Number of protein chains: 2
Amino acid sequence: MTGAPRLPAAARAICSGDRRALARAITAIENGDPDAGPILRSLYARTRQVPIVGFAGPLGVGKSSLINLLVSHLRSVARTVAVIAVDPSSPFSGGSVLGDRIRFEARANDAGVFFRSMASRGAAGGVAAATLEASRLLDAAGFDVVLVETVGSGQVDVAIREIASTRVVVLVPHLGDEVQTLKAGLFEIADVFCVNKIDLPGADTARRDLAELVGLAPAAGRWTPRIVGTSTTVPSGIADLWGAIEAHESFLDSSGTRRTGERQRLTAEIVGLVRDRLGRELTRELENDPDLRRLLDRVVAREIDPRTAADRLRNAVRRSR
Amino acid sequence: MTGAPRLPAAARAICSGDRRALARAITAIENGDPDAGPILRSLYARTRQVPIVGFAGPLGVGKSSLINLLVSHLRSVARTVAVIAVDPSSPFSGGSVLGDRIRFEARANDAGVFFRSMASRGAAGGVAAATLEASRLLDAAGFDVVLVETVGSGQVDVAIREIASTRVVVLVPHLGDEVQTLKAGLFEIADVFCVNKIDLPGADTARRDLAELVGLAPAAGRWTPRIVGTSTTVPSGIADLWGAIEAHESFLDSSGTRRTGERQRLTAEIVGLVRDRLGRELTRELENDPDLRRLLDRVVAREIDPRTAADRLRNAVRRSR
């Protein structure tokens, strides 16, 4: 009942390893192009919930180099891997992502690696939703692991939180200010802490500070974030990093957390799609529907305020339950 | 019929110049606290559509210093002014905004200046919506001008585009890469270009490059962006900058663009409020309503895909029109 014979041509091409078809479908997702719909719909049943590993952390901590080495490690243990570099602050792919793209082109002859940068352009639900849909295509296309790197500093955690099954927060020694950042949001999303550049002075202190922070969180029945030290100049710790990620992925299965997490992610995704669609419909109707135009006229005239108008609009469009 | 006798106490306090009441109400908006509702609803009729001037531009171009000098200029011509510093990349106010806050505390004794940093925390519709609502309070409180500075680099243009009546894009000489940035989004939102640090070499080239870009845009019946040079080290050009902003504000009135812009902003605001409320309702219902839970179960089981589920959910909740 997976309906293989009914797959659209583009979906068949993606499943048979056609990289151009895959890239075109991701562009369609990115642009909010309706062509993406049939492909996503037909391939969803083929997804296997492969690990989606998100990397967050301040600029300059070396996320890209780390991911580059992690890709090499995964290839050395015969895993195929796709990398998505997301720039939530830019409506355009390319730009700051370009450097990575060039680096990854060095791997163009390895069919076991796929690299893609993504931006928010016209994607329904924004770049996080588009990245999640692209990850599903990569899953259906047979990649064993999807790595997601957030480029730039805008709303890093949001995208990673919504789509990754394992979240890696990358930091460097001399946490000082970083500890503040952690408290401000990154800390609570981390499944794995990666202290990169452990060859720099202060690495031991950084790991100790992190271990102390991790120790503050309640642990019973919950995952205790792992702390890993890595270096990308004299490559070290990369296998440990992957080991910590795999340990978290195993925990997701053994604890049943993968099921609940998946359910929450799907809820957020479906609600996001409905919310965006209703938003587009309502915008059109406030411009065209006579009753709703009058409602807007009264707000413009300062007779009713926007919040009151929103309450009325909600009641006008919502089926009573 | 403005209903002055029915104003809630907090709204009355705000109108009578009580700074603490104003600050508390803005915090309530920021936190998505329901207390903000009655205040906003009651004060909306008192808003006068004062200029909301948004400042966008890359990090390090000197937006904060420029705004500081603009505040001094406005006070010297007897205008009262409120400044909102928005950090869309942070869920917390403070942090990078702290420096500004300290600087503006020097003006704590001047009742004609109000400074506030804002973050997205729990605000309905995000930080842009919260900033728009805060601007209305500042308008109702009697401030003549609201200046909005976006701190950090995340989704700068979005917040400014949605709420400002005049958008100032601040740049520095040696545009090179900046011209790329402009093409990538800032250019199309600029009503005024401010080339700051004109004492640096390359300022003339930068202005010429900008003038060329501005010349490419069609001009008939439309506003042609002004280009102003400023310096904050040896203060110069600040009065010119304000002159360019005022010229754009006059154009908005004379051309009728203020009315259409206001209508579009209100549409986006009302739709955003409804969309967010429906999103919260649907999230709750997917967790609790038996029919919707079954729909989600089928998505989890890979029997139907998220986009198809979203279509069904939309049809289930939307009143047919």
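Across the interface of chain B and chain A, 24 residue pairs are in polar contact, both residues being at pLDDT 80 or more. A polar contact is a pair of N or O atoms within 3.5 Å; within protein, one must be able to donate a hydrogen and the other to accept it, and residues adjacent in sequence count only if both atoms are side-chain atoms. The model is predicted: local features need pLDDT of at least 70, side-chain atom pairs count only at pLDDT 80 or more, and totals for chains, interfaces and linings use all residues. Residues are numbered from 1 along each chain as its sequence is written, chains are lettered from A and ligands numbered from 1 in the order in which they are written, and side-chain values use heavy atoms, with hydrogens and water left out.

Five helices of chain B each give two or more residues to the side that touches chain A: H3 (36–43), H6 (126–140), H11 (257–288), H12 (290–300) and H13 (306–317). Helices (H or I, at least four residues) and strands (E, at least two) are DSSP runs, numbered from the N terminus. H11(B) supplies the largest share, 20 residues. By class, this side of chain B divides into 27 nonpolar, 12 polar and 23 charged residues. Ala, Val, Leu, Ile, Met, Phe, Trp, Tyr, Cys and Pro count as nonpolar, Asp, Glu, Lys and Arg as charged, and the others, Gly among them, as polar.

The rule finds 16 salt bridges across the interface of chain B and chain A. A salt bridge is a side-chain nitrogen of Lys or Arg within 4 Å of a carboxyl oxygen of Asp or Glu. Glu133(A) and Arg307(B) are joined by a salt bridge between their side chains, at 2.7 Å from N to O.

In terms of contact (heavy atoms within 4.5 Å), 62 residues of chain B meet 62 residues of chain A. The two chains bury about 6200 Å² between them, 56% of it on carbon and sulfur atoms. Buried area is the accessible area (1.4 Å probe) that two parts lose on being put together, summed over both. In chain B, the most area is lost to chain A by Arg263(B), Arg302(B) and Arg307(B), together 14% of what that side buries.

Chain B superposes on chain A by a rotation of 180 degrees with 0.0 Å of shift along its axis (RMSD 0.0 Å). The two copies are thus related as by a two-fold rotation axis. The same surface serves both: 100% of the contact residues of chain B recur in chain A.

Within chain A, the domain assignment gives domain 1 (8–46), domain 2 (47–255) and domain 3 (266–320). In domain 1, 18 residues are in contact with 26 residues of domain 2. About 1700 Å² is buried between these two domains of chain A, and carbon and sulfur atoms give 61% of it. Arg19(A), Ile26(A) and Glu30(A) lose the most area on the domain 1 side, together 38% of what that side buries.

One salt bridge is counted between domain 1 and domain 2 of chain A. The side chains of Glu30(A) and Arg116(A) meet in a salt bridge at 3.0 Å, N to O. H2(A) gives the most to the side of domain 1 that touches domain 2, with eight residues.

Over all chains, the whole structure holds 38 salt bridges. Among them, Asp110(A) pairs with Arg75(A), the closest N and O atoms being 2.8 Å apart.

How values were computed
Least-squares fit on C-alpha atoms with pLDDT ≥ 70 in both. Domains from an automatic or database assignment.
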